[in-house]
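Reader: I have the sequence and the coordinates open. Walk me through the features, and show me how to read each one.

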Amino acid sequence: MLQLQLKSEHDDAIRGHAQRAYPHECCGFLLGRDDDQARRIVRVVEAQNDRGDSQLHNRFTITPEAFMRVDKAARAEKLDVLGFYHSHPNAPARPSTYDLEYAWPVYSYIIVAVADGKSAKMTCWLLRDDRGRFDEQPITCARETGSTKEIH
Amino acid sequence: MPVKVMIPTALRQFADGNDTIELEGVDVGQVLDRLADTFPQLKRHLFDDDGELRNFVNVYINDENIRDRQRQGTPLQPGDELTIVPAIAGGG
């Protein structure tokens, strides 16, 4: 399994979005490229949580129109939509049954837990082709100095 | 008339890695059928057992959802772009 490689600015952006959205769920896109060594994220793009009902605290939806807009922009830059991030306010950074129901293979699903308004553990998950379960995908965060560390 | 079909990242492994495919068809249903015939592994991800488009799959012609038009019977014009859009949702 390819590890997911983020830059520190992406880690900061996802956590910042999760904290601003709290107590609601945030969501967004992961754009980048796969190579032999890693799934390298080049850009994260915030999305509006279009859930639009009383379940904004534990559900997210990205509209097809938003998907098309971001996918088109990514293609123009020779990037791919490689996955999505969302937050779990006051819940662990583990996929829910609902996450499993709506997930697609290939995409990386980052989940960041938010406890009392502060971002906490961040994990990433890949759906098996048979849709039976997720496997955790290792995340590394590349700092400007060139050093990397695993993030949790 | 050939139309461009845009394949999302999640389904490219079932379409020999292609991100875009050109296919002939007078309406959306014909193009989707030809897509499924060309890449049989893609078929089960697009259609349910009754041959209906899966609920988690959206198909757009340019900027319009075919569910807001004539679904698979929606006619195509030269230069139309057909985009397969996976429904994205979740939450804890």
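Reader: Which strand of chain A is joined to strand 6 of chain B, and in which direction do the two run?
Author: The model is predicted. Strand 4 of chain A, residues 60–62, is joined to strand 6 of chain B. There are 3 bridges, and the strands run antiparallel.

Reader: Which residue stands opposite A:Ile62?
Author: B:Ile88, in strand 6 of chain B.

Reader: How many residues does each chain give to the contact?
Author: In general, the size of an interface is often given as the accessible area lost when the parts come together. Here, take the residue count instead. Chain A gives 26 residues and chain B gives 16 residues. On the side of chain B that touches chain A, helix 1 (9–12), strand 3 (57–61), strand 5 (81–86) and strand 6 (88–90) of chain B each supply at least two residues. That side of chain B holds 8 nonpolar residues, 8 polar ones and no charged ones.

Reader: Is A:Ala47 buried or exposed?
Author: Count C-beta atoms within 10 Å; 20 or more others make a residue buried. A:Ala47 has 23 such neighbours, so it counts as buried. Set aside the residues within four places in sequence, and the contacts of A:Ala47 are A:Cys27, A:Gly28, A:Phe29, A:Ile62 and A:Ala66.

Reader: Now the whole of chain A. How many helices and strands does it have?
Author: 3 helices and 10 strands. Read from the N terminus, the order is β-α-β-β-β-α-β-α-β-β-β-β-β.

Reader: What share of the contacts in chain A joins residues at least 24 apart?
Author: Take the contacts between residues at least 6 apart in sequence. In chain A, 60% of these join residues at least 24 apart.

Reader: Over to chain B. In what order do the strands of its open sheet lie?
Author: The order is 2-1-5-3-4, with 5 strands and mixed pairing. Look next for the edges. Strand 2 and strand 4 (64–65) of chain B are the edge strands, each pairing on one side only. Strand 1 and strand 2 of chain B run antiparallel, joined by 5 bridges. One pair to find is B:Val3 with its bridge partner B:Leu23 in strand 2 of chain B.

Reader: Which helices pack on that sheet?
Author: One comes from chain A. Helix 2 of chain A, residues 64–76, touches strand 3, strand 4 and strand 5 of chain B. Its direction makes about 115° with that of strand 5 of chain B. Helix 2 of chain B packs on the sheet too, touching strand 1, strand 2, strand 3 and strand 5 of chain B. Its direction makes about 120° with that of strand 2 of chain B.

Reader: Which residues of helix 2 of chain B are buried?
Author: In this helix, residues 28–38, B:Val28, B:Val31, B:Leu32 and B:Leu35 are buried. Look down the axis of helix 2 of chain B: the buried residues fall within an arc of 95°, so they line one face. Their cover includes strand 1 (2–6), strand 2 (20–24), helix 3 (40–46), strand 3 and strand 5 of chain B.

Reader: Where is A:Val106, and what is its phi?
Author: A:Val106 is in the loop between helix 3 (97–102) and strand 6 (108–115) of chain A. Its phi is positive, about 80°, and the residue is not a glycine. A:Val106 is buried because 20 other C-beta atoms lie within 10 Å.

Reader: And B:Asp16, buried or exposed?
Author: Exposed, because B:Asp16 has 12 other C-beta atoms within 10 Å. Its phi is positive as well, near 55°. B:Asp16 sits in the loop between helix 1 and strand 2 of chain B.

Notes: Residues are numbered from 1 along each chain as its sequence is written. Chains are lettered from A and ligands numbered from 1 in the order in which they are written. This is a predicted model: local features need pLDDT of at least 70, side-chain atom pairs count only at pLDDT 80 or more; totals for chains, interfaces and linings use all residues. Two residues are in contact if their C-beta atoms, placed from the backbone, lie within 7 Å. Helices (H or I, at least four residues) and strands (E, at least two) are DSSP runs, numbered from the N terminus. Ala, Val, Leu, Ile, Met, Phe, Trp, Tyr, Cys and Pro count as nonpolar, Asp, Glu, Lys and Arg as charged, and the others, Gly among them, as polar. Two strands pair if DSSP finds at least two bridges between them. The arc is that of the directions from the helix axis to the C-beta atoms. Axes are lines fitted to C-alpha atoms, for helices over the stretch in contact, and angles run from 0 to 180 degrees between N-to-C directions.
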